[in-house]
Structure formats: structure tokens, C-alpha cells
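Morning, everyone. Please have a look at it first.

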Amino acid sequence: MSTAPEPEPRTPKPALVFDDPLDQQSSDDTDRGWGERTEGNSAADLKRFLDEKPPHHL
């Protein structure tokens with residue numbers, strides 16, 4: 001009688017998490033999530049403003 005090789009043990013699937021996702025802080029809830037810069041000076045801020053200004057705001 002030949003015995004079949006035993007199948008490899010499976011890793012269990014992660015459990016489902018039913019926490020409220022709105023209870024957790026997202027990256028949009030922070031200044032960093034919106035691209036805000038924490039350091040810098042007014043000259044750099046002016047340069048960034050002028051570089052990113054839409055053409056209709058001349």
C-alpha cells in the first residue's frame with residue numbers, strides 16, 4: 001500500500017475585523033496628509049505659491 005504524502009499545513013486566514021474605520025485617524029486627518037510643510041520660511045512659501053498658482057490668477 002502506498003501512502004499519499006500529507007498535504008502541507010495551511011496558514012490560517014486572518015480574522016475579520018469589524019472595528020469602525022472612522023474611529024481611526026487617517027493620513028488626511030493630519031497636516032502631513034494634505035502636503036503641508038512644517039518647516040520652511042516665507043521666501044520658500046512665496047516661491048511655492050508663485051510656482052503653483054493657476055494661470056488664471058495672474
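I'll take the chain as a whole, then its salt bridges, then a surface patch.

Keep in mind that this is a predicted model. The protein chain has 58 residues, and buried residues make up 0% of them. It exposes about 6600 Å², with carbon and sulfur atoms supplying 54% of that.

Now the charges. In general, side chains of opposite charge can pair when their charged atoms come close. How many salt bridges does the structure hold? Two.

Take Asp-51 and Lys-47. Their closest N and O atoms are 2.9 Å apart. Both residues sit in helix H1, four residues apart, which is about one turn of the helix. Asp-51 is exposed, and Lys-47 is too.

Then Arg-48 and Glu-52. Their side chains form a salt bridge at 3.3 Å, N to O. Again, both lie in H1, four residues apart, about one turn. Is Arg-48 buried, partly exposed or exposed? Its relative accessible area is 29%, so Arg-48 is partly exposed. Glu-52 comes in at 53% relative accessibility, so Glu-52 counts as exposed.

Last, the nonpolar side. Which residues make the nonpolar surface patch? Leu-46, Phe-49 and Leu-50, with an area of about 310 Å². At 49% relative accessible area, Leu-46 is partly exposed, because exposed means over 50%.

That's the tour. Over to you.

Notes. Residues numbered from 1 in each chain as written. Predicted model: local features only at pLDDT ≥ 70, side-chain atom pairs only at ≥ 80, totals over all residues. Heavy atoms only, no water. Patch = residues over 30% accessible without salt bridge, like charges linked within 9 Å, V, L, I, M, F, W, Y side chains within 5 Å. Areas by Shrake-Rupley, 256 points an atom, 1.4 Å probe, with all protein chains shown as cover. Salt bridge = Lys/Arg side-chain N within 4 Å of Asp/Glu carboxyl O. Buried < 20%, exposed > 50% of the residue type's maximum accessible area, 1.4 Å probe, protein only. Helix = DSSP H or I, 4+ residues; strand = E, 2+ residues; numbered from the N terminus.
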